[in-house]
Amino acid sequence: MHSDSPSAPIGRPWSESDRLAALDSYAILDTPTEADFEDIVRLASETFGAPISVVNLIAGNRQWFKAEVGIGARELPIDVSICAHAILQDELMVVPDTRDDPRFVCNPLVTPNNGLRFYAGALLRSPQGLPIGTVCVLDRSPRPDGITEHQRLVLEVLARQVMTLLELRKTIRQSEAQAQALRGIEERYLLVGRATNDAIWDWNFATDAVQWNAAIHSAYGHELATVGPDGAWWIGHIHPDDRDRIDRSIHAAIDGGGVKWTAEYRFLCADGRYAPVLDRGFIIRDAEGQASRMIGAMLDLTERHEREQALSVSNDRFRAAVAAIDGHVWTNSADGHMHGPQPGWAALTGQSEADYQGYGWADAVHPDDAQATIDAWQRAVEQRQMFMFEHRVRCADGQWRRYSIRAVPMMDGAGGISEWVGIHTDVTERRRQEETIQANESRLLFLDDLTRQISLATSPDEIMAITTRMVVTHLDISNCAYADMDSDANGFTIRGDWAAPGSPSIVGHYRLTDFGVLAVERLRAGQPLILNDNATEIAPHESAIFQAMGIAATICIPLVKAGRLTALMAIHHHVPYMWGEAELRLINAVAERSWAHVERVRAVLALADLNASLEQRVEERTRQLLEAEEALRQSQKMEAVGQLTGGIAHDFNNLLTIIMGSTDIARRALEAGETSRIARSLDNAQKGAERAAALTQRLLAFSRRQPLAPKAIDAGVLVAGMSDLIGRALGETIALDVVAAPDLWRAEADPNQLENTILNLAVNARDAMPGGGRLTVETANATVDAKEAAAEFELVPGDYVVITVSDTGEGMSRETLARVFEPFFTTKEVGKGTGLGLSQVYGFVKQSGGHVLICSELGVGTHVRLYLPKVAIQDELDVEAASIAATEVLPRTETILVVEDDDDVRAYTVETLREIGYRVLEAHDGMSALRLLERQDVPIDLLFTDVVMPGMSGSELADRARVAQPALRVLYTSGYTRNAIDQGGRLEPGVELIAKPFTYAGLARKIRDVLESGSP
């Protein structure tokens, strides 16, 4: 086997502009499909057993398929093209597994589960060596062993065949253009003659005076004033090598009594060059027949000669191209007759020119095909249409081979046919392969049908009865039988058979030795016995028993187990019959499958007796396996919980150390009266508490339990607004690019959490670029269809706004990439990260109804794509004022009812609100709060309640409180809502929440916002 490992492309000896010019010269792009190219890709698929094969042409911005199998499209973008890499190689490119090749690891045609895994392509090169595309085969499964040398040769031959076809198309097109050009030249020549653009001369014989028209100047450059007045000037300007000939010919015409003269010669122009001319003169004679005057016109043939020379060169090139084609080219006259030398046809058939003239070529066509060919050819000639046919031809070596014929009419300028050009292509092997494939398909369909039917049988005899009947019907033979051997390996009993109408049954007991030495030797050796005519192939006494059974031809298949002949299956004809490979392969497969199903049924019957105890053992074993599986699952669950709780405990112990240590220092400083130490210690404790709050928010984001307040946002505006903040976080060594797509859709997400997510990704990217680099934040619209969604787990089809954060950092290995979303997993040094950053990103995006994709390569960088759902109705964005006024302690008139089951939290909250200036009532549970409401004469302005409380939840309390006081405003608080006031992690419409822990300033702002809102 052969495979090519990926390598760097060699230095290109060509430019891309030259390569594209070479491709354009064939004028092949966007042309209709053609049978010759389709045959090539089908042959490639069949040879490689590959589902996909393509004749691929690499244009500037796309790859276009002249022919394809298994793609279902005529072109694909160039940025997903594997063949675009192949044309950079100097030889055939083989990629056994595209996912192991760094060039294709992120290719969207490779990454899906059913993506392209194997590639082999041979270059299509122009005669100048410029690569214009490939002939390639692809598979959705890797082929670690690559391709064989034979397959390599086939692929290269197919590539040469494609180039031959392209060159032929190009040559024919050029010949047509040149023929048209020549016809135009001739038409112009006629027009020039009629329009008297020739140099016209008038020669008076009596005076020897010659007059010229103005064309002697316009055509040959001689000023009329400088032209001599007599015939000597004219004769003197004829080329010396032509002068005597012209002088003799013109005087012969004058003296001979004729009235016309014409000759070609070279005439000296004013610029010193000699122009080839065609000179024509008309002699005027008097009544006695004496020449008195001659008027003529001299036509410059320079351009005509140049075109004739160009046409000659073109014809030489055409003949060379024809000689290079993998086929036999011929021409016929417009009326369909073969005339003149036909080297292609002569080389194919060995016929002489005299043999194939007219319709003599039909003598080389198979007698069964000749008349049909002539009839079809005459119809094509009559209808002036392309001729397409197949027939058998006797080749020069005497073999009959099958050829595909294509012939096209060559049209002249008047719309008539000038000639026919055709090509004979040898398709013998291709047709043999197709016939083999068709036979295999028929055999496999029969075997599949047989397997379905015998799989339903419940006894060996039923299996064999079905088998023999189906074989006789399918092969149209006389008999199919099966037998069991006796213990002596000689006697056997035909226990069942199926006989065609008119044929006898052969059921009975026989001895193998009675059928002859050949039968004994082959069957006991495990080899099939094949007799096409037993009367002529074995001894008379041996064939007699066959004849007595009404059998003339036989294939008998032995079943040998443990070196012993145990059973037979045979097919028979009552007349001599030449068995082929197809019948032998079929009966071998039938015997194998039938005996296998017989063994299956026997095993089922044998096991039936043990069914009761077996079922009991199976149930017991199943129970044990389920218990083991549950134990393993519990172990894995405990391991995951242990990792999570260990990480939480580690981080919270650090934070509690900060808080407890700082408060202890503050207490001792208070006793000592050290005010500065008190403030510093309380600041440290506050920072530790804030870090603990951030950690709990990350844990809630990871678990998708944080309450979100999604809005319709413009991600482009949000990212642009963060650019300064991101730039400060990155530092001076990292460049920041922000790329916003025009007409960006609105995305649905919590803007605060989205900002945290983008900043988190930017910080991670910064840490991955310790030596500096570039960070790109890009926004775009994306529509994910079902096929794309299937390639990515959990990605739902639909419209998304995509935010991509890309860095040029160190990248991640596959192992690291597989664990990036695990909580507390980090590749940073101890103390440099919590391991919750990407877990928080994943949790937030999934909770928002989106998805996260990460693609990374070591040494190249990382791309993180956030898919956020598009807002269903693209209304204008809600713009909220972000100004936060300083919290002032002023006397308030509002009354707030605080409901909190934790005494310390309730005490802190009540003290804070009273310090702010509100009138505050407090209750430790829902029922107490309701009783307080009933006793109040003045309405409560705001209910501030915990969400999760024993007995009655905060939402239940709010519902009951609003029965008594419908205009009551409610503000919830919680560290974890348990879906009490949200749906899928999103706050229900109209619900206001402040998350625990909250600060003095944060609580003051939130209370004020709720009280001043327009609705309860």
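Let us begin with helix H27 and the face turned away from its buried side, which carries the exposed residues Asp959 and Val963. Here, exposed means over 50% relative accessible area, buried means under 20%, and partly exposed lies in between, with a 1.4 Å probe and protein chains only. Helices (H or I, at least four residues) and strands (E, at least two) are DSSP runs, numbered from the N terminus.

Before going further, please note that this is a predicted model, in which local features need pLDDT of at least 70 and side-chain atom pairs count only at pLDDT 80 or more, while totals for chains, interfaces and linings use all residues. Residues are numbered from 1 along each chain as its sequence is written, and side-chain values use heavy atoms, with hydrogens and water left out.

Which residues of H27 are buried? They are Gly954, Ser955, Leu957, Ala958 and Ala961. Viewed down the axis of H27, these buried residues fall within an arc of 155°, so they line one face of the helix; the arc is that of the directions from the helix axis to the C-beta atoms. What do the buried residues of H27 pack against? Their partners are strand E29 (895–899), helix H26 (926–935), strand E31 (942–946) and E32. Contact, in this talk, means heavy atoms within 4.5 Å.

We now move to the loop between helix H27 (954–964) and strand E32 (969–974), where glutamine 965 is found. Is glutamine 965 buried or exposed? Glutamine 965 counts as buried because its relative accessibility is 16%. Its neighbours within four places in sequence aside, glutamine 965 is in contact with Leu933, Pro939 and Ile940. The side chain of glutamine 965 also reaches the backbone oxygen of isoleucine 940, at 2.3 Å.

Let me turn to serine 352, in the loop between helix H9 (343–349) and helix H10 (353–356). With a relative accessibility of 33%, serine 352 counts as partly exposed. Its side chain is joined to that of aspartate 355 by a polar contact of 2.9 Å. A polar contact is a pair of N or O atoms within 3.5 Å; within protein, one must be able to donate a hydrogen and the other to accept it, and residues adjacent in sequence count only if both atoms are side-chain atoms. Serine 352 and proline 341 are 11 residues apart in sequence, and their C-alpha atoms are 9.1 Å apart in space.

The next topic is salt bridges. A salt bridge is a side-chain nitrogen of Lys or Arg within 4 Å of a carboxyl oxygen of Asp or Glu. How many salt bridges does a search of the whole structure find? The search finds 43.

One of them is formed by arginine 169 and glutamate 34, whose closest N and O atoms are 3.2 Å apart. This pair links distant parts of the chain, 135 residues apart: arginine 169 is in helix H4 (residues 149–194), and glutamate 34 is in the loop between helix H1 (16–24) and helix H2 (35–48). Arginine 169 is partly exposed, with a relative accessible area of 23%, and glutamate 34 is partly exposed as well, at 25%.

Another salt bridge brings together the side chains of arginine 430 and aspartate 39, at 2.5 Å from N to O. Arginine 430 lies in helix H12 (residues 428–454) and aspartate 39 in helix H2, so the pair ties together parts that are 391 residues apart in sequence. Arginine 430 is buried, with a relative accessible area of 19%, and aspartate 39 is buried, with 10%.

A further salt bridge joins the side chains of aspartate 90 and arginine 125, at 3.1 Å from N to O. Here too, distant parts of the chain are linked, 35 residues apart: aspartate 90 is in the loop between helix H3 (83–86) and strand E4 (93–95), and arginine 125 is in strand E5 (residues 118–125).

Let me close with the chain as a whole. Its secondary structure comes to 28 helices and 35 strands. Of its 1016 residues, 43% are buried. Among contacts between residues at least 6 apart in sequence, 61% join residues at least 24 apart.
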